[in-house]
Protein chains: 2
Amino acid sequence: MKVKTENGRRDMRALWFEAGKLTMIDQRSLPHQLRTVDYETCDEVAAAIKDMVTRGAPSIGAAAAYGICLAALKGEDLEDAAARMKAARPTANDLFYAVDHMMDRLAAGDDPVQAAEGYTDSIIEKCRMIGEHGGRIIQDGFRIMTHCNAGALATVDHGTALAPIRQAFQDGKSIFVYASETRPRLQGAQLTAWELNQEDIPHSIIVDGASGHFLRQGVDMVIVGADRIVANGDFANKIGTYEKAVLAKELGIPFYVAAPVSTFDFEMARGEDIPIEERSEEEVTVVAGNLITPSGSKALNPAFDYTPARYVTAFITELGLLKPEDISRLRRD
Amino acid sequence: MKVKTENGRRDMRALWFEAGKLTMIDQRSLPHQLRTVDYETCDEVAAAIKDMVTRGAPSIGAAAAYGICLAALKGEDLEDAAARMKAARPTANDLFYAVDHMMDRLAAGDDPVQAAEGYTDSIIEKCRMIGEHGGRIIQDGFRIMTHCNAGALATVDHGTALAPIRQAFQDGKSIFVYASETRPRLQGAQLTAWELNQEDIPHSIIVDGASGHFLRQGVDMVIVGADRIVANGDFANKIGTYEKAVLAKELGIPFYVAAPVSTFDFEMARGEDIPIEERSEEEVTVVAGNLITPSGSKALNPAFDYTPARYVTAFITELGLLKPEDISRLRRD
């Protein structure tokens, strides 16, 4: 992604490795301040993941890979380092996958830096391909709605839902993005809007409840990311995604889901089976440190919802566009 | 409505007149503090309306009626007082209507206090009837979703959408209310939740984007208020209402709109014709005094949306339940 700095705009990733140090954009200080932090040990990286300096499963995976790389460079006990890293955020599947991948590569005698770079480059390349395939279906003049942050911050570079948007804009197409704020954590208002700002891609933030109003007023396509896509084509994503899918169908607007093939869970049959994480009610009741609700009221806070396959026009993957019914074929391949 | 005080729960209105003074619940200090303020002159009341001490068109109308009453009691020039009162909030139709009504009554020689009490009682009685008619269609065990605040604070007492809910609860039915927070102004999280809390009606606050998730999980009916209902049955209400209507239809859940007949605008043909107020982007970008978005990003902030009649199961009015197709008959009556 491009990022505005004091010395003009420059290419930047959510994190990168240089001269024995892992540098991360501190996502906690966004959108108000672009701040980077350097890490020189595996345990520092694990603590940063735990403290949510970097967020988004693919970015967490890449950070973990570099963390194991640092442990190897320092001659630490790798089994111990791997166990400590895996404990940083116990729910992120990419974290486990990245650590195991690194342990396999190191056991096979690979260079630690090359192994971590290879892992990260593969994530970035998939996102770049998603951008290339998805960019083609965005026409000049398109108004596009997205939700939450499926951008470069979450995937090291390019993003998933934001990759086609970036590509279309870089190809000179005139586009406009509606970014729904995504309560309770406001990733749309804070992270997606920040990324769009950095590249001067025209956009506006809207409250989640205004999605239907703007979809009816004239939106040409919806693109969202996905946390898990199951065998029948149902998928889970940030709470609020299901609503946009139903409204898009009602209004005849194409609805796309951008995700690498690694997001597909072929073992799970249906969307109803995807466990939905219930998060703390304080995410709803406290905003910017202020209690906004009556002290006697409870809040319910599901972090995700699932959307049935019948609302999906196509999945945009690194392999190209896939229809929900293509997933079973993909599994056999 | 019932309100919890230091001396136990007691009946209270959003505003009332006693011993030559108009007392209002200060809605600006809710949900954290129940505070009332007394006003002894017409100009004080006009300033309170302007400062949003009381909100909601019917409550504003009642406050204005009492303001003119105070002007009459003090022997002020009534034409001047009426003009100053009408300037308090230039968009609230009920305010103009209430002032004109009071001027007519006073010109006819009515007692000022009786005229203002009569105007206010008529609002309250319509809401009570909405509660009676609407309460009948709420069954024991129902889970009900509402949006924004269409409660007693906005209508002096009972409310519109909240009136049937109150009635069902007082009738001993076991109910549960999902109150969607209603970004950007959070009237659901702050005012509706506060009212439900005062009467210990079981409820939870949810983010607007979680409405679809909970509707699918099991909601028996949706009840919302309305700002304007036009001749073909389309209606305008707080932004986010249209989304719930589409989702309810998709999921086969009844969708009710509670409003007095005075909300019907027989002169306007279709929902597309209803002007939608665009409010300041700071309502979206600033929460509890904190800028939550990147400084370079704009927000779009339509305050209302319209919902086509085909999504409405029935209108709950003081005359009983009306189908959208009944509106033309109502006009002739």
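**Figure 1. The loop that holds Pro31(B).** In this predicted model, Pro31(B) sits in the loop of chain B that runs between β4 (21-25) and β5 (36-39). The peptide bond leading from Leu30(B) to Pro31(B) is cis. Its omega is near 5°.

Figure 2. The loop between β4 and β5 (36-39) of chain A contains Pro31(A). Leu30(A) and Pro31(A) are joined by a cis peptide bond. The omega angle of this bond is about 5°.

**Figure 3. The hairpin of β3(A) and β4(A).** Strand β3 (residues 15-18) and strand β4 (residues 21-25) of chain A run antiparallel and are joined by four bridges. Within this pairing, Phe17(A) stands opposite Leu22(A) of β4(A). Two residues lie between the strands of the hairpin. Ala19(A) is found in this loop between β3 and β4 of chain A. The phi angle of Ala19(A) is positive, near 50°, in a residue other than glycine.

**Figure 4. A four-stranded open sheet in chain B.** The strands follow the order β13-β10-β11-β17 in chain B, and their pairing is mixed. β13 (264-265) and β17 of chain B are the edge strands, each with a single partner strand, so one side of each has no neighbour in the sheet. Strand β10 (residues 228-230) of chain B runs parallel to β13(B), and two bridges join them. Ile229(B) has Phe264(B) as its bridge partner in β13(B). In general, strands of a sheet pair through backbone hydrogen bonds, in parallel or antiparallel fashion.

**Figure 5. The contact between chain B and chain A.** Chain B contributes 53 residues to the contact, and chain A contributes 53 residues. The two chains bury about 4400 Å² between them, with 60% of this area on carbon and sulfur atoms. On the chain B side, the residues that lose the most area to chain A are Arg216(B), Glu243(B) and Leu300(B), which together account for 15% of what that side buries.

**Figure 6. Polar contacts and a salt bridge across the interface.** Between chain B and chain A there are 24 residue pairs in polar contact, counted with both residues at pLDDT 80 or more. The count of salt bridges between the two chains is two. One of them links the side chains of Arg183(A) and Glu181(B), with an N to O distance of 2.6 Å.

**Figure 7. Elements of chain B on the side that touches chain A.**

**Figure 8. Strand pairing between the chains.** Strand β8 (residues 203-206) of chain A is joined to β16(B) by two bridges. The two strands run parallel. Ser204(A) stands opposite Lys298(B), a residue of β16(B).

**Figure 9. The relation between the two copies.**

Key. Residues are numbered from 1 along each chain as its sequence is written. Chains are lettered from A and ligands numbered from 1 in the order in which they are written. This is a predicted model: local features need pLDDT of at least 70, side-chain atom pairs count only at pLDDT 80 or more; totals for chains, interfaces and linings use all residues. Side-chain values use heavy atoms; hydrogens and water are left out. Contact means heavy atoms within 4.5 Å. Buried area is the accessible area (1.4 Å probe) that two parts lose on being put together, summed over both. A salt bridge is a side-chain nitrogen of Lys or Arg within 4 Å of a carboxyl oxygen of Asp or Glu. A polar contact is a pair of N or O atoms within 3.5 Å; within protein, one must be able to donate a hydrogen and the other to accept it, and residues adjacent in sequence count only if both atoms are side-chain atoms. Two strands pair if DSSP finds at least two bridges between them.
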